[in-house]
Amino acid sequence: MTNRTNLSLPLKVEKKSTELVKPSQRTPSETLSLSSLDNNPLDEVRHASVYVFEANEKNQNDPVSLLRKALSELLVYYYPLSGRLVRRKSDGKFQLVCNGEGVPFTVAIASPDLPSLNYIENFVDEVALRLVPEIDLNYESEIGDHPLAMQVTKFPCGGFTIGTALLHAVCDGLGVARFIHSLTELARGKREPSVLPVWERERLARKIDNEPARVPGGAGARASLLATSPYMPSSDLVTEIISIKAGDIKMLKDTLVRECEFPKESFTTYEILSACIWKSRSRSLKLDLDRITVLCIVVGIRHVLDPPLSEGYYGNSIIDVYIELTVRELHESSISDILKLVKRAKKKAYDKRYIEQELINMERMIKEDVKSGEVTDGLLVMTDVRNIGLFGSMDFGWNEPVNMRFLMFQESFKNMVMILRPSKRDPEMEGGVRLVMTLPRDAMVKFKQEMDAMMHLRPRF
């Protein structure tokens with residue numbers, strides 16, 4: 001396990017211009033409702049992505065011009081993204097006002113060159129976010145917010161990055177990846193996206209009933225039950241990228257399979273890392289032993305529905321599943337025991353009855369305006385974005401991107417761990433993963449010690 005922090009070379013970004021790119025043709029003028037999952041009151045955040053392209057000496061085209069034109073053409077199909085997201089006063093739900101106003105499109109220049117910066121591989125999110133445009137996050141504004149903004153940043157070497165900022169209420173990570181793939185398709189000359197987007201938010205919308213909401217452990221009144229850490233709140237938070245090689249994961253996986261009651265049962269990398277990180281983080285933060293700690297697992301459900309969601313659906317199609325233990329129970333449990341809880345929780349998320357209950361409960365939470373508590377020390381959210389960008393070629397003249405990063409804005413940092421693929425520029429990490437997470441500085445040192453012990457099968461785990 002290796003650690004990646006900021007390089008000594010600074011990333012300098014100068015934003016040159018911002019314009020509104022409108023759809024190239026007239027689009028419908030209407031107001032669209034969103035799904036129950038889109039309106040999740042615990043998920044009112046932004047997410048961002050950065051795709052890194054290295055220079056191609058054979059291509060003399062301007063990527064900015066190509067992408068600006070492609071964006072204008074793509075917004076004919078994704079026209080809701082050129083409108084405004086507003087909150088309806090009557091019930092607090094989101095709507096998209098489709099007015100064709102356009103998407104903020106920023107052009108920037110940066111230095112030094114991408115090879116010197118290791119193609120953004122070593123920069124933590126708070127630095128890499130300079131390659132992403134700013135986007136409003138004021139849901140109470142009467143004029144609403146742009147749901148999407150884009151930025152193309154050019155480097156002296158001829159390489160560039162495509163950065164997006166998108167409100168989570170409009171789409172999830174899979175939807176973002178589908179949009180970017182379609183953008184590069186049009187940029188390389190296709191007349192329309194290979195997969196046409198569909199709205200269909202009504203498929204995941206449910207009506208409210210009179211039952212009280214079931215609130216997860218890290219939110220609402222139950223937030224007071226969450227364990228706290230003596231390190232928090234902290235003015236000395238650090239965000240690091242921790243690399244775990246494929247060999248370490250395989251060795252741990254083989255050992256855990258032998259330890260479990262069902263030797264033939266296989267465990268995914270996501271499941272194993274969720275168990276290891278939950279326990280290591282809890283120890284490193286020195287959480288109160290007799291309060292609860294909550295692991296939130298994010299599970300995609302688009303293939304579970306009957307019929308499955310259309311391939312072009314770009315709304316939220318993920319369900320959160322929560323596991324609650326006292327900190328003492330977590331510490332006394334083996335990794336194999338925790339692993340079984342994780343697998344059981346994932347299976348529950350694939351049950352159609354559970355999904356239906358969660359959609360109805362989401363409506364209850366919206367009605368009760370459930371919010372996360374101010375103290376979230378004992379809450380851990382695990383999200384895996386390794387496989388959401390694999391939709392075919394993204395080569396529109398500069399070969400495939402050499403790196404792709406999904407980034408977390410500051411409001412999501414403290415209780416979230418994101419699992420990423422390694423960069424294609426690092427052959428030693430093939431098959432491995434990168435973890436991006438934030439902890440108080442002293443807790444980060446302890447966390448890496450705990451994870452290193454687990455990865456190398458030392459006693460205590």
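Reply: Two residues are said to be in contact, or to touch, when they have heavy atoms within 4.5 Å of each other. The model is a predicted one, and every value below is computed from it. In that sense of the word, Leu 71 touches Val 21, Val 103, Phe 105, Met 150, Phe 179 and Leu 183, leaving aside residues up to four places away in sequence. Leu 71 belongs to the largest nonpolar core, a set of 79 residues, and is listed with Ile 120 and Phe 179 as having the most contacts inside that core. Helix H3, residues 173-187, supplies the largest share of this core, with seven residues. Apart from this core lies another, of 60 residues, which includes Ala 227, Val 238, Tyr 270 and Val 327.

Ten helices and 16 strands are found in the chain. Of its 461 residues, 58% are buried. Among contacts with a separation of 6 or more, 82% are between residues 24 or more positions apart. The radius of gyration is 22 Å, which agrees with the value near 23 Å that a compact globule of 461 residues would have. Along the principal axes, the C-alpha atoms fill a box of roughly 60 × 55 × 45 Å. The accessible surface of the chain is about 19,500 Å², and carbon and sulfur atoms account for 49% of this surface.

The charged pairs come next. Side chains of opposite charge can pair when their charged atoms come close. The structure holds 28 salt bridges. One of the salt bridges joins Arg 87 to Glu 44, with 3.0 Å between the closest N and O atoms. Arg 87 lies in strand S5 (residues 84-87) and Glu 44 in the loop between S3 and S4, so the pair ties together parts that are 43 residues apart in sequence. That loop runs between strand S3 (30-33) and strand S4 (46-53). Both Arg 87 and Glu 44 are buried. For Glu 44, the relative accessible area is 18%, and buried means under 20%, so Glu 44 falls within the class. The side chains of Glu 44 and Arg 87 also make a polar contact, at 3.0 Å.

Arg 441 forms a salt bridge with Asp 236, and their closest N and O atoms are 3.0 Å apart. This pair links distant parts of the chain, 205 residues apart: Arg 441 is in helix H10 (residues 441-455), whereas Asp 236 is in the loop between H3 and strand S10 (237-244). Arg 441 is partly exposed, with a relative accessible area of 44%. Asp 236 is likewise partly exposed, at 34%.

Asp 384 is partly exposed, with a relative accessible area of 23%, whereas Arg 386 counts as buried at 16%. Finally, salt bridges that share partners bring Glu 44 and Arg 87 together with Asp 369 and Lys 371 in one network.

Key
Residues numbered from 1 in each chain as written. Predicted model: local features only at pLDDT ≥ 70, side-chain atom pairs only at ≥ 80, totals over all residues. Heavy atoms only, no water. Core = buried A, V, L, I, M, F, W, Y, C linked by side-chain atoms within 4.5 Å. Buried < 20%, exposed > 50% of the residue type's maximum accessible area, 1.4 Å probe, protein only. Helix = DSSP H or I, 4+ residues; strand = E, 2+ residues; numbered from the N terminus. Polar contact = N/O pair within 3.5 Å; in protein donor to acceptor, adjacent residues only side chain to side chain. Rg over C-alpha atoms; globule rule 2.2 N^0.38 Å. Areas by Shrake-Rupley, 256 points an atom, 1.4 Å probe, with all protein chains shown as cover. Salt bridge = Lys/Arg side-chain N within 4 Å of Asp/Glu carboxyl O.
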